[in-house]
Amino acid sequence: MTTAKIDLKQYIRNIPDFPKPGILYYDISTLMRNADAWQIAMGRLAAAVAPWAPDMLAAIESRGFLTAAPLASRLGCGLVMLRKPGKLPGGTVSYSYDLEYGSDSLHIQADAIEPGQRVVVMDDLLATGGTLSASVHLLRKVGADVVGAATLIELTGLGGRGRLDIPVKTLLSYDE
């Protein structure tokens with residue numbers, strides 16, 4: 001069987017009522033622990049992201065780190081981390097944003113991006129798009145040319161893609 005025919009959804013475990021009642025959680029740990037499926041997923045992500053010719057991948061804390069690190073290695077580009085407050089040493093630049101219940105902020109090291117560098121934002125999941133949108137704003141604030149975003153999973157029914165003004169590539173989609 002060729003890798004193009006392998007359905008990666010069979011490696012994603014669905015966990016109802018996690019982290020709270022009414023939420024269906026798509027668990028990527030079952031994909032990551034299957035070496036063949038994980039290699040296929042990373043190969044497909046690399047093929048999706050490579051045409052954007054990124055200088056840098058920006059990984060959103062924390063599950064974005066899981067996809068961005070192996071992908072940066074495959075693509076031969078750099079990696080920067082977008083983290084919660086107090087997690088990065090040295091000077092940082094932040095961007096605060098609203099969530100459904102409250103607010104949050106993301107930080108990047110002030111010297112992590114050179115103005116004009118081509119950057120692709122990476123996360124595991126695109127749901128409502130709030131965190132990805134905030135990441136794009138933060139990266140632009142430090143001078144990045146954000147050329148796209150990529151995730152393993154997209155929950156299409158939540159409309160997150162519509163909050164973004166950049167191209168988005170996802171490997172798997174679920175109607176939520």
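Me: What makes up the protein chain in terms of helices and strands?

Reply: In this predicted model, the protein chain has 4 helices and 9 strands. Following the sequence, they come in the order β-β-α-α-β-α-β-β-β-β-α-β-β.

Me: Why is the protein chain called as compact as a globular protein of its length?

Reply: Happy to set the two values side by side. The globule rule, 2.2 Å times the number of residues to the power 0.38, gives 16 Å for 176 residues, and the radius of gyration of the protein chain is 16 Å, so the chain counts as compact as a globular protein of that length. The C-alpha trace spans about 45 × 40 × 30 Å along its principal axes, and 44% of the 176 residues count as buried. Among contacts with a separation of 6 or more, 58% join residues 24 or more positions apart.

Me: Why is serine 135 called buried?

Reply: The cut-off for buried is under 20% relative accessible area. Serine 135 has 0% relative accessibility, so it counts as buried. This residue belongs to helix α4, residues 130-141.

Me: Which residues does serine 135 touch, leaving out those up to four places away in sequence?

Reply: They are Ile60, Leu82, Leu106 and Val121.

Me: What makes the pair of serine 135 and threonine 131 a polar contact?

Reply: The limit for such a pair of N or O atoms is 3.5 Å. A polar atom of the serine 135 side chain lies 2.8 Å from the backbone oxygen of threonine 131, so the distance falls within that limit.

Me: How do you know that the length of helix α3 is close to the expected one?

Reply: Helix α3, residues 63-75, has 13 residues, and at 1.5 Å a residue the expected span is 18 Å. From first C-alpha to last, α3 reaches 19 Å, which is close to that value. Just after α3, glycine 76 takes a positive phi of about 70°.

Me: Which residues of α3 are buried, and why are they said to be on the same side?

Reply: Gly64, Thr67, Ala68, Leu71 and Ala72 are the buried residues of α3. They cover an arc of only 125° around the axis, which puts them on the same side of α3. Their packing partners are α2 (35-49), β3 (56-60), β4 (78-82), β7 (118-126) and β8 (145-155).

Me: Where does UniProt place the phosphoribosyltransferase domain?

Reply: The unreviewed UniProt entry puts "domain: Phosphoribosyltransferase" at residues 50-169. In the model, that span is 21% helix and 40% strand, and its end C-alpha atoms lie 11 Å apart.

Conventions. Residues numbered from 1 in each chain as written. Predicted model: local features only at pLDDT ≥ 70, side-chain atom pairs only at ≥ 80, totals over all residues. Heavy atoms only, no water. UniProt positions renumbered as here; feature names shortened; annotations may be inferred. Helix = DSSP H or I, 4+ residues; strand = E, 2+ residues; numbered from the N terminus. Buried < 20%, exposed > 50% of the residue type's maximum accessible area, 1.4 Å probe, protein only. Polar contact = N/O pair within 3.5 Å; in protein donor to acceptor, adjacent residues only side chain to side chain. Contact = heavy atoms within 4.5 Å. Expected span 1.5 Å × (residues − 1). Arc of directions from axis to C-beta.
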